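Biologist: Could you take me through the salt bridges in this model, with a close look at the residues that form them and at how accessible they are? I would like one connected account, with the cut-offs stated.

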Amino acid sequence: MSEAKIYDDLLSKKAKLAVIGLGYVGLPIALEFARKISVIGFDINAGRVAMMRNGIDPSKEVEAGEFINRDIVFTDDVEVLKQARFFIVAVPTPVDKYNVPDLKPLIGASTTVGKALKRGDYVVYESTTYPGCTEEDCLPVLEKQSDLHFASGDFSLGYSPERINPGDKKHTLRTVIKVVSGGTPLSAEEIAKTYRLVVDAGVHLAPSIKVAEASKIIENTQRDLNIALMNELSLIFDRMGINTYDVIEAAGTKWNFLKFQPGLVGGHCIGIDPYYLTYKAAALGYESKVIASSRYINDDMARYVARRIIKHVLSVSNDPRVLVKGVTFKENVSDIRNSRIVDTVKELLSFSIKVDVEDPYASDEEVHHEYGLHLAREVSGNYDAVIITVPHTQYKDLDDAYFTSITRQGALIADLKGSYKNKIVNRKYWSL
């Protein structure tokens, strides 16, 4: 069978597009396509589906107005999914407790799509993974479930890595160039034309699926490496008694200095994706050195912060109390996945230090479900240390008087992002 074209049928609404996985990545994609073509939004979580049917984004990223006048049906029913001819898979790709890639969500989504797959259909993966995963791990599942064969031209395969940045209203799906790829020149062009419907910045057509997969994995690996360098410099400068942010400010006066900053590296991308690359490299007989070292440095920073806090509070109080401001992995989002400050909190608790955690964006139910912690309902005061982890908008105007009012004499203000440099006078100040 010769490979089918799909773009014209999507544009005329003779064919439907489906997005599988409606989280931080999938839902914005589905709603953008629904401006132009007929869309099926599929998620295995019936509770989330019910919320989206009512115009509510469970991830709290998409405004209610974005659901209005969209040609989209939300479902958790595979029978409804079978109406689609173009499938976009946008499910998480986490690692397990040993930092080994956990492909269960991706294989599960492939199994679901395979059951709905028909001759002439297209399947495009957006989930971040190692080069080769789409063709070596996902494709066989699609073929097994559908009894169709990619090599015979029964269906088309592609990869287009997501570049959604939670909380970023500037760099959106429409404004960032989209890398696209296909298993054949025809499918690559059809996929590119389809994505041009929703990406004003245009598309970059990669020469192969593996190249597109690799392009995504090194975006986040490069950032992880740069942050690891700054974290290591922070460890060195701390021993020298100088402020890392002062050093960055001075060095930044040179035109080609890159102003990366130290910090905890969490979330669903930067702290996860490099492990996919090192895993695949090891499978091919190469043990990563630089990437693995960067991961070690960044993963250890939460414990380093904990050790710094423990040393201080035990020196000033027999009944130490610590306040942690911010549990999300970055500012102004509700996403708590892979939040590294939790490692700090658990280390403090292991020393019988009382810890309050508060965050204006995070859900207490989600924090408890994910980490076994509860958010404080109010900031009670008399703390021996305050850790500000992320610069939420609500924290922007906090001043020396505020921190003085909620802490004891001799307390430490640990400002992990350098937001209050030169603003803390009446308490001891420390930043990474």
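Modeller: K421 has a relative accessibility of 18% and therefore counts as buried, where buried means under 20% relative accessible area, exposed over 50% and partly exposed in between, with a 1.4 Å probe and protein chains only. This is a predicted model, in which local features need pLDDT of at least 70, side-chain atom pairs count only at pLDDT 80 or more, and totals for chains, interfaces and linings use all residues. Residues are numbered from 1 along each chain as its sequence is written, and side-chain values use heavy atoms, with hydrogens and water left out.

The side chain of K421 meets that of E249 in a salt bridge of 3.7 Å, N to O, the term meaning a side-chain nitrogen of Lys or Arg within 4 Å of a carboxyl oxygen of Asp or Glu. This pair links distant parts of the chain, 172 residues apart, with E249 in helix 9 (residues 244–251) and K421 in the loop between strand 12 (407–415) and strand 13 (428–431); helices (H or I, at least four residues) and strands (E, at least two) are DSSP runs, numbered from the N terminus.

R321, buried at 16% relative accessibility, forms a salt bridge with D356, the closest N and O atoms being 3.6 Å apart. Because R321 lies in strand 9 (residues 321–325) and D356 in strand 10 (residues 354–358), the pair ties together parts that are 35 residues apart in sequence.

R308 and D238 also meet in a salt bridge, at 3.1 Å, N to O. Here R308 is partly exposed at 25%, and D238 is partly exposed at 22%.

The structure holds 32 salt bridges, and a network of them links E32, R35, E66, R70, R174 and D200.
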